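Please look through the sequence and the three-dimensional model below before reading on, and keep both in view as the explanation moves from one part to the next.

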Amino acid sequence: MKLCSEAKDEMNRFEMLFLNEARECIFQKPMSEITVSGDKLGPFNKGDQVSFPNWIIEQLLKHDIVDIVPEDAYDSLRRLQNLYREEEKQPHKLQTFQPFLYTALSRKVLRLQSDRTSIDPRKYDEIEKLQRMLPFLVETRLSKILRIAKSGAYHEKRKQMAYEERWLCEELIDLLSGWRQNIMD
């Protein structure tokens, strides 16, 4: 088993799934039309709410054409801060994470960093806060995932995990099971 390349492959697979997953967005300015894969979409008025795959939304966000609707903005700094606070307050309870949370956060940081020359100073602060908070959140979740993998509670907790966490927990379960079996023989 070669875990490192498998992990990278899995993370790439989750990223592709995320990019094709649709979210709702709101147009911040009018647009006559958008051409997507040869299809012409539009016209769109300011305030129109539309569902697009994340790969389209990312392009529109770069040009400040849309904002993600608040209900679908699970990668916002405020939501991340709230998740972290809840994880810290309840060290033995696994909070429910949106399945694409880690991928969305990673893509958001990349998008925010992509053009630092024209970036608003508040965005620098957001990038720094996201980058500082994410490792703490990951470590807090990791200890919970290890406990779940060890305890056999995966099936009850699976729906509360992000996709990356599910993959990790399944890998840990297999690894622990094999280790236990070899020790007991």
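Glu58 is buried, with a relative accessible area of 9%, where buried means under 20% relative accessible area, exposed means over 50%, and partly exposed lies in between, using a 1.4 Å probe and protein chains only. This is a predicted model, in which local features need pLDDT of at least 70 and side-chain atom pairs count only at pLDDT 80 or more, while totals for chains, interfaces and linings use all residues. Residues are numbered from 1 along each chain as its sequence is written, and side-chain values use heavy atoms, leaving out hydrogens and water.

Side chains of opposite charge can pair when their charged atoms come close. Here a salt bridge is a side-chain nitrogen of Lys or Arg within 4 Å of a carboxyl oxygen of Asp or Glu, and by this rule the count comes to 12 salt bridges. One of them joins Arg107 to Glu58, with the closest N and O atoms 2.5 Å apart. Arg107 lies in helix H4 (residues 101-114) and Glu58 in helix H2 (residues 54-62), so this pair ties together parts that are 49 residues apart in sequence; helices (H or I, at least four residues) and strands (E, at least two) are DSSP runs numbered from the N terminus.

Another salt bridge is formed by Lys108 and Glu126, whose closest N and O atoms are 2.9 Å apart. Because Lys108 lies in helix H4 and Glu126 in helix H5, the pair ties together parts that are 18 residues apart in sequence. Lys108 is buried at 9% relative accessible area, and Glu126 counts as buried at 14%.

Glu87, Arg141, Lys144 and Glu165 are linked in a network of salt bridges. Arg141 and Glu87 are both buried.

Finally, consider how H5 and helix H7 (residues 163-184) meet: their axes come within 9 Å and cross at roughly 45°, the axes being lines fitted to C-alpha atoms, for helices over the stretch in contact, with angles from 0 to 180 degrees between N-to-C directions.
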